[in-house]
Amino acid sequence: MVTGAEALIESLKREHVTEIFGYAGATICPAVDAVKNSDIHYTLVRTEQNAGHMASGYSRMSGKTGVCMVTSGPGATNLVTGIATAYMDSIPMVAITGQVQSYLLGRDIFQEVDMTGAVAPFIKHSYLVKNVKDIPRIVKEAFHIASTGRPGPVLIDIPIDVQQAEFEPEYPDTVDIRGYKPSVKGNIKQIQRAAEAIRNAKKPVLCLGGGVVLAGAQKEALEFAERSSLPIVTTMMGLGIVPTDHPLYMGMIGSFGTETANRTLAHSDLLILVGARVANRAILSPGEIGRRMKTIHIDVDPAEIGKNVSTTIPVVGDVKQVLLQLMEHDATAQTQDLELLQKSRREELVRELPAKAGFAHPARVIRTLGEKLDDNACIVADVGQNQIWTCKHMIHKHGRFLTTGGLGTMGYSLPAALGAKVADPDRQTVVVCGDGSFQMFMNELSTLRNLNADVKIVMMQNDVLGLVNEIQHSSYSGPFGVALEHSPDFCKLSEAYGVDWGYVSQDRDIPAAIDTMLSHKGPYLLICRVDPDARTGD
């Protein structure tokens with residue numbers, strides 16, 4: 001006989017779980033106690049939202065399903081933002097929440113929240129466990145659902161009395177969920193139609209999104225482009241798939257994208273969308289795209305195809321499999337003249353940047369950082385101006401770029417980087433954030449020290465919520481409610497957490513400051529004094 005909590009942890013082990021990110025509380029104590037007596041490593045976060053972000057970063061770097069575990073009530077509701085962030089970015093994650101006694105559900109007792117109802121709009125699937133015998137099956141199904149088709153988070157809500165109940169478990173070896181059979185291979189007729197459209201196109205463009213990374217199809221996507229000399233653009237979530245200096249790569253599209261990438265898209269007669277939902281930041285006028293060009297949309301989730309951009313040829317299937325199928329059908333485009341686009345792209349990458357006394361130019365910080373990072377470094381950007389500057393100016397080699405492109409959650413970067421570092425301890429890992437987002441995760445400096453993680457943090461300090469300030473300047477009556485007055489002394493704060501730091505406020509000092517940071521052993525905070533009037537377009 002074992003308890004439900006013990007069966008839960010044994011089921012996780014059978015799914016090859018080695019890491020759990022969590023925050024304990026009364027209703028999850030049985031499960032936490034079972035973790036204590038297992039060989040699964042448990043990381044205590046400092047607020048529950050960040051358990052979700054750490055599980056997400058771990059998943060994105062390891063390729064496995066991340067696991068987070070918190071208590072009921074406010075612990076569970078704090079996790080909601082982490083769940084929604086993973087859902088919008090299609091990250092496989094299993095979130096386990098404690099719940100009050102099953103016989104007290106619906107009575108509004110202490111720390112009771114209807115979690116399955118709360119997350120319904122942004123969860124791939126959820127379970128409320130009422131029978132202890134269902135735990136092994138539910139865990140098996142949860143991992144299958146989270147990691148197949150379009151990945152996403154799955155919630156398992158477990159009342160404390162179910163965790164404490166004893167039974168003789170039977171652990172299933174397979175999963176068979178009626179009605180859930182995600183497509184893998186693309187329909188052969190649609191593949192043939194897509195291949196013919198590519199062969200007949202005069203100015204095709206290949207747009208790669210985050211689904212390419214989730215499918216592990218980076219190699220296939222690049223090979224597909226190179227066979228036909230297809231110019232490549234990416235969405236924000238597709239950054240890092242193609243090295244910045246690749247001759248076919250034109251940059252990121254969208255409202256914050258590069259001029260060359262947007263021009264490439266505007267002049268195309270065939271848009272090949274691969275693993276991208278193309279939301280409003282990526283394509284501002286989807287109706288115009290549908291009017292001016294044909295579109296092939298490849299995605300594992302049929303609900304995404306045609307949702308934001310009208311699609312001429314839909315292809316549902318795993319991105320990797322579909323790209324392989326297309327290459328088997330000789331989807332070779334006519335080679336177009338790339339010289340003008342490539343010239344424009346080269347000019348963008350070496351554009352002269354203005355200097356202002358007393359401030360470090362954010363684009364110069366990002367460029368210099370990108371030049372000095374390891375070939376396979378992991379860069380994690382937060383949300384705000386820092387994210388846009390990183391997307392536009394980071395030099396990508398053969399590493400990974402993580403950010404939240406769907407929900408846009410401030411405070412994401414450090415916890416996600418810590419999860420990524422747990423997954424790959426030897427990979428150089430750097431966070432880019434603003435002083436606003438820093439103050440949303442700064443309590444996780446404790447977790448950083450507890451893990452003794454060699455994670456570097458580059459903070460753009462301008463004492464203002466930069467992107468909102470920029471929007472208010474351009475579209476409203478002026479800034480209001482965005483000044484970060486009475487922020488802490490970040491140098492002293494860093495010291496209080498036992499994290500070494502550096503400071504730079506002049507362009508000429510940027511290379512040396514970054515060298516010092518990267519050569520330092522252990523965590524490090526580099527504070528970059530940025531002009532509060534700096535704009536994302538500068």
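This is a predicted model: local features need pLDDT of at least 70, side-chain atom pairs count only at pLDDT 80 or more; totals for chains, interfaces and linings use all residues.
Which residue in β3 is the bridge partner of I20? The partner is Y42.

## The open sheet

Six strands form an open sheet in the order β3-β2-β4-β5-β7-β6, and their pairing is parallel. At the edges stand β3 and β6 (125–128), each of which pairs on one side only. From one strand to the next, the twist averages 20°. Strands of a sheet pair through backbone hydrogen bonds, either parallel or antiparallel.

## Strand β2 and its partners

Strand β2 comprises residues 19–23 and is mostly covered, with four of its five residues buried. Four bridges, in the parallel sense, pair β2 with strand β3 (residues 41–44).

## Strands β5 and β7, and helix α4

Further along the sheet order, strand β5 (residues 93–99) and strand β7 (residues 153–159) run parallel and are joined by seven bridges. Within this pairing, A95 stands opposite L155 in β7. Helix α4 (residues 74–88) packs on the sheet, where it touches β4, β5 and β7. The direction of α4 makes about 165° with that of β5.

## The two sides of helix α14

Helix α14 spans residues 339–349, and its buried residues are L341, S344 and R345. These residues cover an arc of only 100° around the axis, which puts them on the same side of α14. On the other side of the helix, E339, L340 and R346 are exposed.

What do the buried residues of α14 pack against? Their contacts are with β11 (249–252) and α11 (259–266).

N469 has its place in helix α20, which covers residues 466–475. Is N469 buried or exposed? Its relative accessibility is 5%, so N469 counts as buried, the cut-off for that class being under 20%. Leaving aside residues up to four places away in sequence, N469 touches V464, P479, V482, P532 and R535.

## An aromatic cluster

The count of aromatic pairs comes to three. One of them is formed by F438 and F441, an edge-to-face pair with 5.3 Å centre to centre and 65° between the planes. Both residues lie in helix α18 (residues 435–441); because they are three residues apart there, about one helical turn separates them. F438 and F441 are each buried.

F438 also forms an edge-to-face pair with F490, at 5.4 Å centre to centre and with 85° between the planes. F438 lies in helix α18 and F490 in helix α21 (residues 490–496), so this pair ties together parts that are 52 residues apart in sequence. Like F438, F490 is buried. Together, F438, F441 and F490 make up one aromatic cluster.

Notes
Residues are numbered from 1 along each chain as its sequence is written. Side-chain values use heavy atoms; hydrogens and water are left out. Buried means under 20% relative accessible area, exposed over 50%, partly exposed in between (1.4 Å probe, protein chains only). Two strands pair if DSSP finds at least two bridges between them. The arc is that of the directions from the helix axis to the C-beta atoms. Contact means heavy atoms within 4.5 Å. Axes are lines fitted to C-alpha atoms, for helices over the stretch in contact, and angles run from 0 to 180 degrees between N-to-C directions. Rings of Phe, Tyr and Trp (its six-membered ring) pair if their centres lie within 6.5 Å; planes under 30 degrees apart count as stacked, over 60 as edge-to-face and the rest as tilted.
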